[in-house]
Protein chains: 2
Amino acid sequence: MIVMDRDQGRKPRKSAARGSYAVGDERRARILDVAVEHFAQWGFHASSLARIAKDVGITQGGLLHHFRSKEDLLVSVLRHSDEQDVARFFSLEPRTAVEAFESIVDLARFNSERPGRTRMFNVLAAEAGELGHPAHDYFVRRYRAVVGQIAGTLRAAVERGELGPDTDCERVASEIAAVMDGLQLQWSLAPATYDMPGRLHGYLDRLLRSLTADGSGLPANG
Amino acid sequence: MIVMDRDQGRKPRKSAARGSYAVGDERRARILDVAVEHFAQWGFHASSLARIAKDVGITQGGLLHHFRSKEDLLVSVLRHSDEQDVARFFSLEPRTAVEAFESIVDLARFNSERPGRTRMFNVLAAEAGELGHPAHDYFVRRYRAVVGQIAGTLRAAVERGELGPDTDCERVASEIAAVMDGLQLQWSLAPATYDMPGRLHGYLDRLLRSLTADGSGLPANG
DNA sequence: GTCTATAGCCGGATAGAC
DNA sequence: GTCTATCCGGCTATAGAC
């Protein structure tokens with residue numbers, strides 16, 4: 001979802017002769033997709049390599065050819081998810097606070113269209129509170145990165161005079177992340193009846209009004 | 001945490017002769033306390049009756065004398081937790097919006113003093129998004145009750161003229177619940193460095209200002 | 001790259017002794 | 001009320017055939 005540890009990427013294939021690697025990568029990508037759904041349903045501890053493999057259409061042994069352990073699969077899934085979102089949402093810097101807030105609503109809307117991945121992050125972030133959880137450090141760093149990135153955007157807006165000079169950017173950024181997570185949690189329990197991006201828009205609109213001198217909010221269709 | 005299904009309580013003991021039942025209830029209560037910590041660390045699926053029993057100081061067989069199954073233990077833990085909170089926070093109706101918001105901050109402060117229970121609700125609420133999870137219906141109902149209760153309090157404040165007449169009480173109530181959950185999630189990842197009730201106070205203060213005509217907020221020490 | 005087979009351990013639940 | 005013993009199955013990971 002946010003830029004993190006970009007240098008730890010999987011080592012690149014040495015060659016692409018005869019296209020054989022592309023096939024392997026497709027299988028690998030399919031495993032990651034299936035694993036997302038399982039981690040969403042079961043969390044990490046209660047997910048099972050055998051069940052994941054069965055859903056992919058291979059055996060557990062076959063799966064472990066691609067990922068050397070369950071933990072390796074988890075971190076690969078998390079890194080893969082982040083890479084997708086970086087490409088989708090953080091390739092360019094927002095030029096105004098309104099633009100920044102609109103792209104946050106965009107992200108929430110995108111998240112509502114991939115419930116598996118969204119639920120996976122809900123479950124794993126909660127599980128990972130435990131020290132020693134395989135994704136604990138990952139999520140600690142992730143929230144630092146997310147909050148830091150939003151806070152940086154807010155600070156830039158303060159400097160441009162769009163937001164009040166007394167804005168506590170770190171706190172507001174952390175609050176925005178909290179609202180996103182909390183809305184996603186309620187949405188996960190009843191997705192059909194809960195307009196998650198709409199709720200987030202409402203919150204950000206009110207937030208923006210209270211942070212600007214003239215009380216202007218967020219346009220209706222972010 | 002909130003009034004729910006009060007009629008489903010465990011059937012009362014038939015007698016209290018010679019005080020033997022009190023001893024049994026103490027053991028039962030101890031199991032519930034330990035189970036909270038385990039569900040917090042592992043969620044439901046990955047918790048183990050044998051490990052819980054070991055922490056209590058009995059065997060798995062002994063535990064299953066008190067709770068006939070793992071699922072029975074889960075629902076007992078959830079009901080027990082709600083009963084505690086009802087007694088603690090919802091025995092009397094708040095008389096003003098400020099009082100209501102202050103009691104929500106109180107609840108957050110109390111939650112920060114019992115990290116196990118708080119984390120348990122984080123993890124289980126996320127897990128329970130899955131249809132068929134043993135606590136799915138429980139959490140769906142729970143959020144309905146929580147949001148409904150807060151919304152009712154807000155509506156009363158609107159009628160007293162404390163909040164603007166255009167306040168969307170349901171949406172605001174749902175947002176408050178979301179902020180509480182989201183803040184708890186971040187706090188769980190780094191409890192020592194995160195002033196969770198303080199953050200919530202800051203949010204509710206700004207929220208109150210934007211909902212009142214005169215822009216008055218929340219006193220400093222809710 | 002995927003399979004089968006297997007090791008070694010842990011899971012929930014039941015039965016029955018004390 | 002707690003124990004031991006046991007059933008049956010699932011778990012991760014490894015080894016080696018193809």
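Chain A and chain B meet in a contact to which chain A gives 40 residues and chain B gives 40 residues. The model is predicted. The size of an interface is often given as the accessible area lost when the parts come together. Here, about 3,500 Å² is buried between chain A and chain B, and carbon and sulfur atoms give 60% of that area. On the side of chain A, the residues that lose the most area to chain B are Gln186(A), Leu189(A) and Arg206(A), together 19% of what that side buries.

Before going further into the contact, look at chain A by itself. Chain A has nine helices and zero strands. Among its 222 residues, 51% count as buried. Of the contacts in chain A with a separation of 6 or more, 66% are between residues 24 or more positions apart.

Now return to the interface. Five elements of chain A give two or more residues each to the side that touches chain B: helix H1 (20-42), helix H6 (115-127), H7, H8 and H9. H8(A) gives the most, with 14 residues. Sorted by class, this side of chain A has 19 nonpolar, twelve polar and nine charged residues.

The structure holds 18 of them over all chains, and four lie across the interface of chain A and chain B. In one salt bridge, the side chains of Glu130(A) and Arg119(B) meet at 3.4 Å, N to O. This pair joins two chains, because Glu130(A) lies in the loop between H6 and H7 of chain A while Arg119(B) lies in helix H6 (residues 115-127) of chain B. Arg119(B) counts as buried because its relative accessibility is 10%, and buried means under 20%.

In another salt bridge, the side chains of Arg206(B) and Glu175(A) meet at 2.8 Å, N to O. The pair crosses between chains, with Arg206(B) in helix H9 of chain B and Glu175(A) in helix H8 of chain A. Both Arg206(B) and Glu175(A) are buried.

A salt bridge can also be found inside chain A. The side chains of Asp85(A) and Arg114(A) meet at 3.0 Å, N to O. This pair links distant parts of the chain, 29 residues apart: Asp85(A) is in helix H4 (residues 70-89), and Arg114(A) is in the loop between H5 and H6. Both Asp85(A) and Arg114(A) are buried.

Gln184(A) is placed in helix H8 of chain A and counts as buried because its relative accessibility is 5%. Leaving out residues up to four places away in sequence, Gln184(A) touches Asn111(A), Thr118(A), Asn122(A) and Met196(A).

The nonpolar residues come last. In soluble globular proteins, nonpolar side chains tend to be buried together. The largest nonpolar core in this model has 70 residues, and those with the most contacts inside it are Leu204(A) and Leu204(B). Helices H5 (97-112), H7 (136-159), H8 (169-189) and H9 (196-211) of chain A, together with the helices H5, H7, H8 and H9 of chain B, each supply at least two residues of this core. Not counting residues up to four places away in sequence, Leu204(A) touches Phe101(A), Ile104(A), Val105(A), Ile176(A) and Leu218(A). A second, separate core has 66 residues, including Leu32(A), Leu78(A), Val36(B) and Phe67(B).

How values were computed
Residues numbered from 1 in each chain as written. Chains lettered and ligands numbered in written order. Predicted model: local features only at pLDDT ≥ 70, side-chain atom pairs only at ≥ 80, totals over all residues. Heavy atoms only, no water. Core = buried A, V, L, I, M, F, W, Y, C linked by side-chain atoms within 4.5 Å. Buried < 20%, exposed > 50% of the residue type's maximum accessible area, 1.4 Å probe, protein only. Helix = DSSP H or I, 4+ residues; strand = E, 2+ residues; numbered from the N terminus. Contact = heavy atoms within 4.5 Å. Buried area = accessible area lost by both parts, 1.4 Å probe. Nonpolar A, V, L, I, M, F, W, Y, C, P; charged D, E, K, R; others polar.
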